[in-house]
Amino acid sequence: MPLKVMTLNILMGGEERMPQLLALIARENPDVLALQECLGWEDGERLGQVAAALNLPATEAHVRLGTARPRSSGRRYHVAVVSRLPLRSSRDHANPHFIGHCLLECELETGAEPLTVFAAHFDSHHENLRFVEARYLRSLLEPKVFGERDFLLAGDLNSLSRADPYPGDFADRVRRGRVDKYGHPPRFDVIDDLEGFGWKDTLRLKPTSARWVTARRERDGGEAVDFRTDYLFASPSLARRLLGAEVVDVGTASDHHALTATFTGA
């Protein structure tokens, strides 16, 4: 059976947009779902609603909330994984010396070799901080095992890929748009590093449509600029089973569009 995965930044816990988000999740019906910015989800209510939208019980076998470290505002931008495949184990990575919000590591039962999923939300402030997160992730992976087994990295990485079709005047547009977090000119260090380790960008590997933008930003009266900051990366063995990946328009449900990828079964 095919395996469909999806990632989505739901924006500030979903707030009054939860009905829209739940309808979207039910319609897309992923087997594995990674969510970012799950603010205020500690009580389990909204995580339970997501599980119900996928006809899953809200038990540890199918849902996990990764507890983010508090930011200076006191807010915790949690990440979550909801999975049809049974969750064998999970581990939160939220050391403030290395992690911006939270990196949730989950091992999923597949009936064959397990699938390890990293649900991520990288720091939004500076490429240097995100690069530390990319290197921390690298430290968790033994290269030989990574090359042989199935791993997935899903989330809002707040980073840019030089493989995306940005226009020739992109650096000028970013400056006019008053978006500073990628640097001037914009930097691509994080995605370069991930791909240098061997991660495969599913949207660039096998897109099923021309859509690629996951976030449009217009700051303080500046020019609107299109970006992709959301990714589904696969290890080489998992990437060989990729059927296709696409950006899913979420309308007004969030300020990010969703990204899905579908793989053949193990």
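## Aromatic pairs

The count of aromatic pairs comes to 9, where rings of Phe, Tyr and Trp (its six-membered ring) pair if their centres lie within 6.5 Å, with planes under 30 degrees apart called stacked, over 60 edge-to-face and the rest tilted. Take Phe146 and Phe197: their ring centres sit 4.8 Å apart with planes at 50°, so this pair is tilted. It links distant parts of the chain, with Phe146 in helix 4 (residues 143–148) and Phe197 in helix 6 (residues 189–197), 51 residues apart. Helices here are DSSP runs (H or I, at least four residues) and strands likewise (E, at least two), numbered from the N terminus.

Phe146 is buried at 2% relative accessible area, and Phe197 counts as buried at 16%; buried means under 20%, exposed over 50% and partly exposed in between (1.4 Å probe, protein chains only). Phe146 also forms an edge-to-face pair with Trp199, 4.8 Å centre to centre and 65° between the planes. Elsewhere, ring pairs join Tyr166, Phe170, Tyr182, Trp212 and Phe227 into a cluster.

## Helix 1

Helix 1 (residues 18–28) has Met18, Leu21, Leu22, Leu24, Ile25 and Glu28 buried. Down the helix axis, these buried residues fall within an arc of 160° (from the directions from the axis to the C-beta atoms), so they line one face. The face turned away carries exposed Pro19 and Arg27. After helix 1 comes Asn29, with a positive phi near 50°.

## About the model

This is a predicted model: local features need pLDDT of at least 70, side-chain atom pairs count only at pLDDT 80 or more, and totals for chains, interfaces and linings use all residues. Residues are numbered from 1 along each chain as its sequence is written, and side-chain values use heavy atoms, leaving out hydrogens and water.
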